[in-house]
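Here are my notes on this one, as promised. Have the viewer open while you go through them.

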Amino acid sequence: MSNTDFVLAVEGLSVAFDGFKAVDDLSLYVDRGELRVVIGPNGAGKTTLLDLICGKTRANAGSIKFRNEEMTRLPEFRRVRKGIGRKFQTPSIYENLTVFQNLEVSFPRGRGVFGALAFKRTSDVLDRVKSVAQEIGLEKELDLEAGLLSHGQKQWLEIGMLLMQEPELLMLDEPIAGMSVREREITAELLKRICQNRSMIVIEHDMAFVEQIAHKVTVMHQGKILAEGPMEKVQSDQRVIDVYLGH
Amino acid sequence: MNPIADAPVDTQAPPAAGWLRRMFLHRGGYGSLIVLALLILVVFPLTLDVFRLNLMGKYLTYAFVAVGLVIAWGYGGVLSLGQGVFFGLGGYCMAMFLKLEASDPVSTKIQSTPGIPDFMDWNQLTALPLWWKPFHSLPFSLLAVLVVPGLLAFIVGFAMFKRRVGGVYFAIITQAVALILSVLIIGQQGYTGGVNGITDLRTLLGWDIRGDHAKLVLYFVNAVLLLAAILFCRRVTRSKLGTLLLAMRDKEDRVRFSGYDVAMFKVFSFCLAAVLAAIGGAMFTLQVGFMSPSFVGIVPSIEMVIYAAVGGRMSLVGAVYGAILVNLGKTWFSESFPNLWLFLMAALFIGVVMAFPNGLAGLYDSHVKPWLMRRGARSTS
């Protein structure tokens, strides 16, 4: 496969679980600075696609190129260090640590065993924690144990933990699930802001939310891409209406 | 930094009380460590006779294992039921040096091959095996005390954790290692002294380790090393590495997808626990004067986990009390009711896990601390 200008170029990607093809010969290209939303019915393989890109699941075939570098054989932590960040569907934060500590341990320095032993809380760490906390609206909760945050705040905290790493590609799995209307609005604004200098892939079901944030929409169905393009075009696609939007 | 933990502390307290509170009631205070240091460096030597003090020294060698388990099990979530392996390897490396020193040609002239350890002679060995020879050197032996167990822990840990083997499966593997090593030691009698172990150790570089004075000195060396080990582990738990270990126990995947090689952090905590256990084993050999496979196998390994469980698996200082108390109980109980000891031990373990999972340290945190705080608040108002 030749090199491209895309941040992420997925080609011919396949994975099967016990014969069931969760992702089937899928190709996907994400541009620099693009916010891509992936939609599709349950079981379409959306989460599996993110799992494949971040390394949680190993592909059976195909290629994943991130900034023209092959990722399929790299272990998870190396992909993260290259600049791929992943947020899980249920808020995945360290409940027993404070918000500050949650952000601090996500700071991309001292990632080896001995680096972590020698890690010092220098002013650049403090500054970064402060600015990220401000970005996600948790600057007043820094000393609070993360388990005590509301559901929405936990989701924002996990996004903040990813921002600490300054990933070039950020993948979010249903970031507004379980959020109130007001929280959804704040999250939409947040995503638009943080998308300024990075690419994003977001899985989402809420069509109003998708319309608000998406640059481009990819519709998945049975492990394949059913349609792709701007929101209006996808919404008027008869096949998409049949399998997904019609319900 | 943590307003929740610090909230009940009254900032208006007079300086003396404030000083006491900082030491005992805040997380991260040195109070509990200072009390422990006073106890083992001052109180025990002043109140116990040499025989009892030596016994206490023996218990404190187990405390090394318990402290290591706090790091591996409490923080790292790596439950090893095979710490006896590392305790034993450390002890054997020390014992091999001492045995060679005790087996000079003059004192072994009645053997058919003078100059080799007595058990080798009994087993018809006529020359010192090649792998015993470096143990003529004390620096090599001391290095081996740390490196051999550390290396074994690294190999086992690396092989397991890189393959994402953990939890119960890892515990079973460590049990198997403990069984294998004890069978190996017992089977290779000519090279290891077999079931009797390596006994009749006399001098360290010409200094008789059996006398009262030597026992006193070794007790203090052991106590200081133990305190140093606790200080080092405190540093580890308070570093980013300690925070990461806690984070891993909560959400391992989140740590992995934050760019950390989770397996290596587990390997580190396992290796640290192994090296600490080995130091304890070497000090055991020096203070008790022998090392045998009865400290290597499955039963002693599980006993060592109980020390940490009773003391509190998240408390470095608590683990020391756990080791002391369980061993005091064992000595007292097995003198009176030798057959019942194992059952009592099992009951103790189940009781601790069910009734107070954080051990003695947990009881201190949930009962003694709030009481101290209330008293403090009353006396200042």
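1. Start with the hairpin: strands S9(A) and S10(A) form one with two residues between them, and A:Gln222 in the turn has a positive phi of about 50°. Helices and strands here are DSSP runs (H or I, at least four residues, for helices; E, at least two, for strands), numbered from the N terminus.

2. Before going further, some housekeeping: this is a predicted model, with local features needing pLDDT of at least 70 and side-chain atom pairs counting only at pLDDT 80 or more, while totals for chains, interfaces and linings use all residues. Residues are numbered from 1 along each chain as its sequence is written, and chains are lettered from A and ligands numbered from 1 in the order in which they are written.

3. S9(A) (residues 216–221) and S10(A) (residues 224–229) run antiparallel and are joined by five bridges; strands pair if DSSP finds at least two bridges between them. A:Met220 has A:Ile225 in S10(A) as its bridge partner.

4. S9(A) also pairs with S3(A) (residues 35–39), this time in the parallel sense, over four bridges. Look for A:Val37 there: its bridge partner in S9(A) is A:Val217.

5. Now a helix pair in chain A. H5(A) (residues 123–135) and H6(A) (residues 151–164) pack at an angle of about 140°, their axes 9 Å apart. Axes are lines fitted to C-alpha atoms, for helices over the stretch in contact, and angles run from 0 to 180 degrees between N-to-C directions. The two are therefore oblique to each other (under 35 degrees is roughly parallel, over 145 roughly antiparallel, 65 to 115 roughly perpendicular, the rest oblique).

6. Who makes that contact? From H5(A) come A:Arg128, A:Val132, A:Ala133 and A:Glu135, and from H6(A) A:Gly160, A:Leu163 and A:Met164; contact means C-beta atoms, placed from the backbone, within 7 Å. By class, these are four nonpolar, one polar and two charged (Ala, Val, Leu, Ile, Met, Phe, Trp, Tyr, Cys and Pro count as nonpolar, Asp, Glu, Lys and Arg as charged, the others, Gly among them, as polar).

7. On to the interface: 25 residues of chain B are in contact with 27 of chain A. On the chain B side, H1 (3–6), H11 (240–250), H12 (252–256) and H13 (262–288) each supply at least two residues, with the largest share, seven residues, coming from H11(B). That side has 13 nonpolar, five polar and seven charged residues.

8. Finally, chain B overall: 17 helices and two strands.

Methods
Contact = placed C-beta atoms within 7 Å.
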